[in-house]
Amino acid sequence: MNNMPAIIVLAPLLGAFFSGLAAWIQKPLSYYIALAATAVSSVAAVGVFKQVLTAGTWQYRMAGWAPPMGIELRIDLLNAMVLVLVSGIAFVNLVASVKNVDQEIPDRASSFYVMYQLFVVGLLGVTATGDLFNLYVLIEITSLTSYTMIALGDKDRSPLAALNYIFIGVIGASFYLLGVGYLYITTGSLNMADVAILLKDIQGSTAVLTAFILCILGVWIKMALFPLHVWLPNAYAYAPVGFARVVAPLMTKVMVYVMVRLMVTVFGLEYIFNTLNLADIVVWLGVIAILAGAFMALLQTDLKKMLTYIIVCEIGYMVGGAWLGNSLGMAGAILHILNDALMTFALFLAVGNIIYMRQQVAFSNLQGLFGAMPWTMAGFVLAGLSIIGVPPTCGFFSKWYLVLGAFEAGAYHFAAALIISSLVCAVLFFKVFEICFFEPMAESHGHHGTAAMAEAPVSMLAALGLVSAAIIGAGVYAGTIVNTVILPFLH
Amino acid sequence: MNELLALIVAKYNFWLYIILMMIGLYAMIAKNNLMKKLVGMNIFQTAIILFYVSIGYKHGATLPIIQGGHGTHDAVIHAADYINPLPHVLMLTAIVVSVATFGVAMALCVKIYQRYQTLEEDELRIRLSEK
């Protein structure tokens, strides 16, 4: 089948349409359609990934129109990997969150599935597209659906959190659009590969510099790099849990992918590191983001809020690593896109399971969880260890590449920040483990002594188990991933 | 001074869009009422739309269609003689995006108003901290 790249994106789009229709006939039908659509798109993504591994970059022309007139989906090793990641996580999360959705928003379930699929369409499109303006439109599709879904969450606070997200998200997207405008003035093209070729001759131009700064600034706002992060913790913490655990691992990671794509493919690493003199400043920004995220996470008393600040910290890893200016740092940043998506997803799956059983995840509500939900907590501990960076898990390996890259670039402050934040994460997670393991259940829960087992449903546990296995697998095969996917992409 | 003036006059569309953008940004940051912030947001987006439309324009240029046509002798217009349609077409999409964002934001405002009976940010903050 040679239409597979289009199927990846179109399956959830059609799925969203039919889910909406099916809700008129029978409510549960919309869930099964969503499940089928994301399954089709993940199968197609795996097929495309295999094809790209053997045959190289796949340039798919939409409706047969050749670029630069037509729209092109350009899939190389990097975005083939991200496509598998996004569609896989979307599918697994859908399996796990049907119970959460039924519990939290039973009356809006079918609209949730429609928006969910449109969100996945946006993410997959952002990843697959080879056109700068389409990237803008798809980013906005992703953002619009996430605004609406965040507003479905907590009754008191989520509409305001979503509105603040809109204000900042619009500024980010508008900056990106403006940058694309400047690129269009100077090159007259919107196709990424085309623009890259045309930019080679006009590297000194101020318009290109303006375009670069505006595009990168827009993407930074969307990915919540530290001083621009204010919208993220509230938005993700008050979203319904079925959505929070797909937006938290994917949205920021896909935006990091966009940054890497702009740096590597469109503007070119030579332009960024030789012509511009910004790399040092951005590595410092990454350092500040890492430390600020880690220390703000220390102040939180709610598990969900704490995890959102850890995301802010992880963004610092990826941005700093990508700007170190050597292939080790860039490889570490790209590997961390994959690893961090898996780790954050596992953590939020565990949080979803706890919320399903206990409704709240404030630290004061977590006593006795190891006794009550041993399987969930096993997954949580594994993901926590991965965030800290304990060797058999995947978190260790991306940090290893990042530290190696930092030493090679002479950015010792970045290496120090990585280590300090790992220590802070250790403190954070062991604080949670201690509450869950050692503190006895409060009297008000009506239990005495050891708590009875009250584990989450099997589908949720299966999803968590699968992702935990993936964390170990990505750790064990980290070298293979770097050698077969990331380094060939960079050279 | 004269050079600066000449620069401003020659590139007036760029100056205009920057001024409009800054008005929008100011409203989004400084205004207390959520509706006013939304209006600021819309001005911000419109500034970028105006920027795009202005870069496609040429003085004395014509439409990008085939001259003559229908039975007479066809002639394709030279590229230098017609207005670049692409930025305008792109902006149709961008307008749709901005309308959609504005709609979602207004729906959220309605939700907030139903919940708290106010759209003033400082009052909202007080109500939220009371919880």
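Colleague: How many residues does the contact take from chain B and from chain A?

Modeller: In this predicted model, the contact takes 37 residues from chain B and 30 residues from chain A. About 3,000 Å² is buried between the two chains, and carbon and sulfur atoms give 78% of that area.

Colleague: Which three residues supply more of the area that chain B buries against chain A than any other three?

Modeller: They are B:Tyr52, B:Leu108 and B:Leu128, which together supply 16% of it.

Colleague: Let's turn to chain A. Why are α1(A) and α4(A) called roughly antiparallel?

Modeller: Helix α1 (residues 4-25) and helix α4 (residues 109-128) of chain A pack at an angle of about 165°, and their axes are 8 Å apart. Angles over 145 degrees count as roughly antiparallel, so these two helices are roughly antiparallel to each other. The crossing of α1(A) past α4(A) is left-handed.

Colleague: What makes up the contact of α1(A) with α4(A), by class?

Modeller: There are 12 nonpolar residues, six polar ones and no charged ones. Among those in α1(A) are A:Ile8, A:Leu13 and A:Gly20, while the α4(A) side includes A:Val114, A:Gln117 and A:Leu124.

Conventions
Residues are numbered from 1 along each chain as its sequence is written. Chains are lettered from A and ligands numbered from 1 in the order in which they are written. This is a predicted model: local features need pLDDT of at least 70, side-chain atom pairs count only at pLDDT 80 or more; totals for chains, interfaces and linings use all residues. Side-chain values use heavy atoms; hydrogens and water are left out. Axes are lines fitted to C-alpha atoms, for helices over the stretch in contact, and angles run from 0 to 180 degrees between N-to-C directions. Helices (H or I, at least four residues) and strands (E, at least two) are DSSP runs, numbered from the N terminus. Angles under 35 degrees count as roughly parallel, over 145 as roughly antiparallel, 65 to 115 as roughly perpendicular and the rest as oblique. A crossing is left-handed if the near helix is turned anticlockwise from the far one by less than a right angle, and right-handed if clockwise. Contact means heavy atoms within 4.5 Å. Ala, Val, Leu, Ile, Met, Phe, Trp, Tyr, Cys and Pro count as nonpolar, Asp, Glu, Lys and Arg as charged, and the others, Gly among them, as polar. Buried area is the accessible area (1.4 Å probe) that two parts lose on being put together, summed over both.
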